[in-house]
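Thanks for coming, everyone. Please bring up the sequence and the model on your screens. I'll walk through a few local features and then the helix contacts.

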Amino acid sequence: MTRPLRLEFAGALYHVTSRGDRRSAIYRDDTDRLVWQEVLGMVCERHHFVVHSFCQMDNHYHLLVETVEANLSQGMRQLNGLYSQHFNRHHKLVGHVFQGRYQAILVQKESYLLELSRYIVLNPVRAHIVISPDNWYWSSHHYFLDEAAAPCWLARDWLLSQFGDTHDKAVAAYCRFVAAGVGKASPLDQTCHQILLGVDTFVSANQQSQRAETFKDTSRSQRRALTLSLAQYQARYCDRDEAMARAYLSTAYTMSDIAAAFHVSSRTVSRAISTFENAKLATHRADNG
C-alpha cells in the first residue's frame, strides 16, 4: 500500500487509482457506475476538483484530477466513503469495498497531462475488453466525441483546446492522438519514488517540498479564522447532527474538536457526517432525475 501522499497544494494534478478489496469488482451493474459518477460530481462541487480524464473498469477506477485547493485527501475520503456505503447498501453487503488507501501520483501538468488522459481512456483496450475506446461508455472518452453536454466537473473544453482552434478539428486531432497511443508504454513507467511523475527538476523540487512540507496551502488554524466557530455552528443549525456535519465539512475542525464542543463521542460525529452526506446524495440524485 502506498504511503499517504503528503504533497497537497493548490493547482496540483494527480493520477489517482483505487482498487476493489481482494481485487473484487467495485461496480456490479450500471447503477453502481452511475452512482459513482454522481458522487464524483458532488465531490468536485464541494472540494472544487477538476477532472481531466476518468475510466471506470470492473475492479478499479482511474482519475486524472486537478485540485484547485490543497485538499485531495479530503475529497478522496468522501468519494470512496460515500460510494462504499452505496455499494454495500445496494448489494446487501458489509465490509471493505476498496483495497486500503487510494494510490495517488503527483503529476507535472505541462509534461504528462495529455499522455495520462490518453492512457486512462485506453485502459479497456489494453484489457482486451473492447477494440476501441469509442466502444467503452464508462470513461471520459465519449464526452470528447460529440457536442453532447459533458459534466461541469470534466475539463473537456480545455483539453480539446490543446488539439485545435475549432471543435471539429480538435475532436479529429484528439481521436488521432488517442489512437496513436494504442500499444505504447505506460507513462506511469516514468514515475519516481512511487508518487512523482515529471521531469528531473519537477521531481527534485517536490522531493524537497515533501521533506520541508512547505506546500501546506493553509493551516487548520488559518481555516478556522475564515469559518464559523463551533459555537456559531451550534447556534445556526437547530439540528445538532447537521451542525456537526457542516462544521466537519468546513475542513477547519477535526472530529475530536467537534465531539468535545458538542459533548458527544467521535463515533456520534462520524455517524452524523455519514447521515448528512447520504441525505445530500439522495437529494442530488432526486434533483437530477
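His 193 is exposed, with a relative accessible area of 54%. Keep in mind that this is a predicted model. Where is His 193? In the loop between helix H6, residues 167–180, and strand E5, residues 196–197. Look at its backbone. His 193 is not a glycine, yet its phi is positive, about 55°. As background, most residues other than glycine have a negative phi.

Now step along to Gln 194. Gln 194 also has a positive phi, near 70°, and again the residue is not a glycine. Gln 194 lies in the loop between H6 and E5. Buried or exposed? Gln 194 is exposed, at a relative accessible area of 60%.

Let's zoom out for a moment. The protein has 12 helices and 5 strands. How much of it is buried? Buried residues make up 48% of the 289 residues. Take the contacts with a separation of 6 or more. Of those, 69% are between residues 24 or more positions apart.

On to helix packing. Start with helix H1, residues 30–47, and helix H2, residues 72–91. Their axes come within 9 Å and cross at roughly 150°. An angle over 145 degrees counts as roughly antiparallel, so that is the label for H1 and H2. What is the hand of the crossing? The crossing of H1 and H2 is right-handed. Which residues meet there? On the H1 side they include Val 35, Trp 36, Val 39, Leu 40 and Val 43. Thr 31, Asp 32, Arg 46 and His 47 of H1 take part too. On the H2 side, look for Leu 79, Leu 82, Tyr 83 and Phe 87, among others. H2 also brings His 86, His 90 and His 91 to this contact. By class, the contact of H1 with H2 has 9 nonpolar, 8 polar and 2 charged residues.

Next pair: helix H3, residues 109–121, with H6. Here the axes come within 9 Å and cross at roughly 70°. H3 contributes Leu 114, Glu 115, Arg 118 and Val 121. H6 contributes Tyr 174, Phe 177, Val 178 and Ala 180. What are the classes in the contact of H3 with H6? There are 6 nonpolar residues, 2 charged and no polar ones.

Stay on H3 and pick out Ser 117, which sits in that helix. Buried or exposed? Ser 117 is buried, at 4% relative accessibility. What does Ser 117 touch, leaving out residues up to four places away in sequence? Ser 53, Leu 64 and Leu 159.

Last item: the cysteines. How many disulfides does the structure hold? The count is 0. Take Cys 152, which is in no disulfide. The nearest cysteine sulfur belongs to Cys 44, 7.9 Å away. The cut-off for a disulfide is 2.5 Å between sulfur atoms. Cys 152 counts as exposed, at 81% relative accessibility. Cys 175 is partly exposed, at 28%.

That's my tour. Questions, please.

Notes:
Residues are numbered from 1 along each chain as its sequence is written. This is a predicted model: local features need pLDDT of at least 70, side-chain atom pairs count only at pLDDT 80 or more; totals for chains, interfaces and linings use all residues. Side-chain values use heavy atoms; hydrogens and water are left out. Buried means under 20% relative accessible area, exposed over 50%, partly exposed in between (1.4 Å probe, protein chains only). Axes are lines fitted to C-alpha atoms, for helices over the stretch in contact, and angles run from 0 to 180 degrees between N-to-C directions. Helices (H or I, at least four residues) and strands (E, at least two) are DSSP runs, numbered from the N terminus. Angles under 35 degrees count as roughly parallel, over 145 as roughly antiparallel, 65 to 115 as roughly perpendicular and the rest as oblique. A crossing is left-handed if the near helix is turned anticlockwise from the far one by less than a right angle, and right-handed if clockwise. Contact means heavy atoms within 4.5 Å. Ala, Val, Leu, Ile, Met, Phe, Trp, Tyr, Cys and Pro count as nonpolar, Asp, Glu, Lys and Arg as charged, and the others, Gly among them, as polar.
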